[in-house]
Amino acid sequence: MSSGLGRSSQNRKDTKMRIRAFPMTMDEKYVNNIWALLKNAIQEIQKKNNSGLSFEELYRNAYTMVLHKHGEKLYTGLRVVVTDHLINKVRDDVLAALNNNFLQTLNSAWNDHQTSMVMIRDILMYMDRVYVQQNNVDNVYNLGLIIFRDQVVRNPIIRDHLQTTLLEMVAKERRGEVVDRGAVKNACQMLMVLGIDSRCVYEEDFERPFLEQSAEFFRMESQKFLAENSASVYIKKVEARINEEAERASHYLDKSTEEPIVKVLEDELIGKHMKTIVEMENSGVVHMLENNKTDDLACMYKLCVRVANGLKTMCNCISKYLREQGKALVVEEGEEAKNAITYIQSLLDLKDRFGHFLHESFSDDKLFKQMISGDFEYFINLNAKSPEYLSLFIDDKLKKGVKGMTEQEIENVLDKSMVLFRYLQEKDVFERYYKHHLARRLLLNKSVSDDSEKNMISKLKTECGCQFTSKLEGMFKDMTVSNTINEEFKLFVQQAQVNLSGVDLTVRVLTTGFWPTQSATPRSSIPSAAQTAFEAFRRFYLAKHSGRQLTLQPQLGSADLHATFYGPKKDEGESSNGASAKNPRKHILQVSTYQMCILMLFNNNREKWTFEEIKNHTDIPERELTRALQSLAVGKLAQRILHKDPKTKEIEAGHIFTVNDQFTSKLFRVRIQMVATNKGEAEPERKETRNKVDEDRKHEIEAALVRIMKARKKLQHNVLIAECTEMLKPRFLPSPVVIKKRIEGLIEREYLARSADDRKVYTYVA
Amino acid sequence: MCKFTKDEFVTGCKNLKVDSIKSMRSKFPDMEAEMQNKECFKNLYKWTYKFCLDCENGQRTLPVDVAISLWKLVFSRCEPTLLQDWLEFLEKHPTVKGIPKDTWDMFLNFVEQVGDDLTIYDDTEAWPSLLDDFVEHENDRKNQNVKTD
């Protein structure tokens with residue numbers, strides 16, 4: 001090659017080699033010949049007679065034409081030939097087969113077309129690469145597609161018939177008949193391909209009408225399903241339908257149709273009838289809840305998830321039901337106070353039930369979780385006694401003699417109780433009762449174990465922080481210290497030979513700040529023997545801890561009394577005259593301190609005492625006295641130490657009490673039980689507790705206000721109220737009116753002041 | 001309670017340039033004119049409370065009957081429309097024993113801002129709770145009147 005260019009030695013930079021075009025002209029005739037050859041070949045290909053053709057020759061000819069700038073002639077010619085063939089042969093064939101194997105004919109026409117176009121393209125590849133590129137026209141294959149689309153598939157008659165046929169086949173299958181899925185699949189694929197770079201042909205010619213027909217179909221189906229009037233049947237059918245349609249789309253329609261068709265389904269079958277299904281009488285969500293149909297609920301949930309607002313509709317329906325159930329458990333009509341244990345247990349059962357639904361049917365969905373919590377918070381606080389009842393429930397579980405529960409079971413129940421605790425709005429009320437009940441357990445020695453008590457306290461600590469539990473821990477410390485003191489006292493008594501009037505004394509020393517505050521300690525007169533013994537202890541204690549004050553708390557103590565009953569047993573006949581001191585029966589009676597005071601009165605050679613007299617002699621407050629006497633005189637026969645005349649249940653001033661000398665018991669040690677306390681406080685006490693709570697709250701609000709103002713120095717009224725409420729939320733919910741009054745109090749005591757420029761702003765007074 | 005020291009008296013007379021009861025009387029129109037000024041009146045109003053407080057006996061809150069008389073006195077020249085209703089309310093209210101300083105001060109603001117149109121009163125604002133009670137009482141009363149009509 002270098003011989004043609006003699007300049008190579010002179011010009012090193014120029015390293016390109018140019019091959020000059022072969023100087024040849026083509027005449028008209030020559031071109032026409034080439035074209036005729038190619039045209040014939042194309043037609044043969046179209047007739048599927050390509051075996052006799054030479055690829056190389058045809059390619060070369062096409063190449064030559066394009067090279068000599070006759071690409072246009074070639075291209076136009078191609079178009080004409082293809083169009084010709086498709087209109088005059090293929091289309092006619094298809095039209096002829098309209099009512100006879102239509103789809104198969106169309107499909108095979110399509111397949112043939114594809115095959116021949118591939119071959120044609122191969123021959124004309126040079127034109128594709130050069131002419132097509134340069135002139136920005138459709139390439140050979142696409143040209144073929146366009147012509148096929150426009151002349152065959154989108155021929156009005158064929159187009160309509162194709163659509164109808166396909167839709168009819170789908171409809172048939174929906175009715176349960178078997179159809180030729182392969183044919184449909186081919187047709188759909190054809191439409192997809194015909195869109196060239198988009199799916200518009202498929203969409204316009206098939207998908208859109210398909211979706212419309214489907215919508216109509218499902219609209220009717222939904223009516224049919226609804227008519228069966230059973231929500232669970234409905235949802236199962238819907239679920240089946242959705243699966244079927246999705247499978248159909250992925251198998252023989254185009255996969256991209258799956259999403260829109262499912263959406264249509266969801267709209268027609270679920271979206272439009274959401275409310276009806278959920279609220280259906282006797283079969284809807286409420287019915288499912290009532291009958292624990294977990295599976296049905298799960299199915300309904302899965303369907304509701306699919307549509308906007310579906311979950312909310314279902315959630316609202318369930319919430320309404322839950323609130324009703326909760327309210328029914330919580331509401332107390334009139335005078336009947338509920339049993340705290342059953343009250344709380346029923347709430348726990350309800351929580352468990354819905355926890356089960358949440359997990360099994362609703363996949364722990366957050367929305368449902370929140371709904372359940374919100375509802376519990378709502379109805380548990382409808383009853384102001386809930387905090388007290390919860391404390392009594394826990395009290396019951398921590399007392400000795402909890403029947404039939406293993407340690408693990410008790411632990412679980414306490415954990416569940418903590419969940420209820422979190423829902424309480426008035427946590428400070430709970431604290432007060434818990435302290436009270438804990439004190440009772442500790443002092444009457446009823447705790448099942450120190451460990452379980454401490455366990456419970458640490459749970460509360462985790463919830464509420466140290467402030468809540470520090471006093472409770474103080475109570476435990478007092479118990480331990482008291483035990484030590486008692487040991488020392490016993491030793492002292494032995495060594496110093498102190499006379500305790502025959503009383504075996506045990507004292508518990510309670511630090512005032514830790515234990516529940518009592519209103520002024522009642523001054524009751526205890527029997528002299530007990531008094532002497534106590535004085536001995538007092539001297540002993542104060543000698544060790546000078547500067548302290550000891551006050552006896554008779555309402556909290558207990559006593560064991562030796563009792564001798566001289567009368568005949570009831571079934572020994574009426575021989576009451578003969579002083580049958582034959583078989584005096586001895587028992588030890590375990591009673592409260594007050595009861596001890598009462599019973600000791602009967603020692604002084606006096607057989608009859610009226611209520612009034614007892615009250616005056618012992619100075620026991622009337623309420624307590626009544627309770628004590630009721631336990632002794634009008635309780636179960638096995639506990640009836642005293643007789644009352646008249647024998648009514650109520651106790652009035654003039655009633656007369658005598659010792660029941662006929663008392664018998666199988667046990668040597670008889671424990672006199674106080675009137676049941678599972679019902680919570682009686683009204684007057686409850687009011688008192690409520691007053692104390694309100695007092696405490698005033699202080700807490702003021703403390704919170706001062707703390708906020710100290711930090712912020714200057715704050716607007718509304719903001720202050722909001723922040724104060726927020727700060728106290730873990731304990732209770734203060735009303736803005738109460739907070740306002742506290743602010744006024746603080747202004748008066750000059751902790752806060754109004755800002756001079758804006759009377760709505762407060763400032764902190766250092 | 002309601003006492004001037006001799007020094008205060010003498011200094012005050014010097015400032016007013018008076019040396020006799022007659023000259024004091026002649027100053028009255030000027031002083032009244034001065035009271036037309038809102039700021040001056042406000043100062044006088046606020047000062048009145050402290051002046052009448054029996055500090056020697058450790059009193060921190062003005063008894064309600066004293067307060068009522070003072071209100072009548074301090075507003076004697078330009079009585080606000082609501083004053084009568086307010087005083088009546090206080091007299092009938094069973095639990096009010098004393099008027100805190102804050103309530104006294106705020107009453108003037110109340111008179112200025114709310115005037116006689118109770119509809120613009122907003123009880124979620126920082127008004128003293130006694131004024132909240134008063135407005136509620138007044139609204140109840142008006143509603144009852146409407147009902148009986």
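In which sense do strand β3 and strand β5 of chain A pair, and over how many bridges? In this predicted model, strand β3 (residues 609–610) and strand β5 (residues 656–659) of chain A pair in the antiparallel sense, over 2 bridges. Within this pairing, A:Trp609 stands opposite A:Phe657 of β5(A). Strand β5 of chain A also pairs with strand β4 (residues 642–645) of chain A, again in the antiparallel sense and over 4 bridges. There, A:Asp645 has A:Ile656 in β5(A) as its bridge partner. In a regular strand, side chains alternate between the two faces of the sheet.

The largest nonpolar core comprises 147 residues, of which A:Leu162, A:Met300, A:Met314 and A:Phe368 touch the most other members. The greatest contribution to this core comes from helix α16 (residues 340–360) of chain A, which supplies 10 residues. When neighbours within four places in sequence are set aside, A:Leu162 is in contact with A:Phe102, A:Leu103, A:Leu106, A:Val153, A:Ala187, A:Met190 and A:Leu191. Another core, of 35 residues, lies apart from the largest one and includes B:Leu62, B:Val96, B:Leu118 and B:Tyr121.

Nonpolar side chains also occur at the surface of chain B. A patch on the surface is formed by B:Phe4, B:Phe9, B:Val10, B:Leu44 and B:Trp47, which together have about 480 Å² of accessible area. Two helices of chain B, α1 (6–16) and α3 (38–52), each supply at least two residues of the nonpolar patch. B:Trp47 is located in helix α3 of chain B.

Charged side chains were then considered. Over all chains, the count of salt bridges comes to 68. In one of these, the side chains of A:Asp93 and A:Lys89 meet at 2.6 Å, N to O. Both residues of this pair, A:Asp93 and A:Lys89, belong to helix α3 (residues 71–96) of chain A, where they are 4 residues apart, about one turn of the helix. A:Asp93 is partly exposed, at a relative accessible area of 38%, and A:Lys89 is likewise partly exposed, at 43%.

A salt bridge also links the side chains of A:Asp150 and A:Arg149, with an N to O distance of 3.1 Å. The two partners fall into separate accessibility classes: A:Asp150 counts as partly exposed at 37% relative accessibility, whereas A:Arg149 counts as buried at 18%.

A further salt bridge joins the side chains of A:Asp375 and A:Arg323 (2.6 Å, N to O). Because A:Asp375 lies in helix α17 (residues 366–380) and A:Arg323 in helix α15 (residues 310–330) of chain A, the pair ties together parts that are 52 residues apart in sequence. A:Asp375 is buried, with a relative accessible area of 2%, while A:Arg323 is partly exposed, with 31%. Shared partners also join salt bridges into one network, made up of A:Glu173, A:Arg174, A:Arg181, A:Glu221, A:Arg241, A:Glu244, A:Glu245, A:Glu247 and A:Arg248.

Note on methods: Residues numbered from 1 in each chain as written. Chains lettered and ligands numbered in written order. Predicted model: local features only at pLDDT ≥ 70, side-chain atom pairs only at ≥ 80, totals over all residues. Heavy atoms only, no water. Salt bridge = Lys/Arg side-chain N within 4 Å of Asp/Glu carboxyl O. Buried < 20%, exposed > 50% of the residue type's maximum accessible area, 1.4 Å probe, protein only. Patch = residues over 30% accessible without salt bridge, like charges linked within 9 Å, V, L, I, M, F, W, Y side chains within 5 Å. Areas by Shrake-Rupley, 256 points an atom, 1.4 Å probe, with all protein chains shown as cover. Pairing = 2+ DSSP bridges. Core = buried A, V, L, I, M, F, W, Y, C linked by side-chain atoms within 4.5 Å. Contact = heavy atoms within 4.5 Å.
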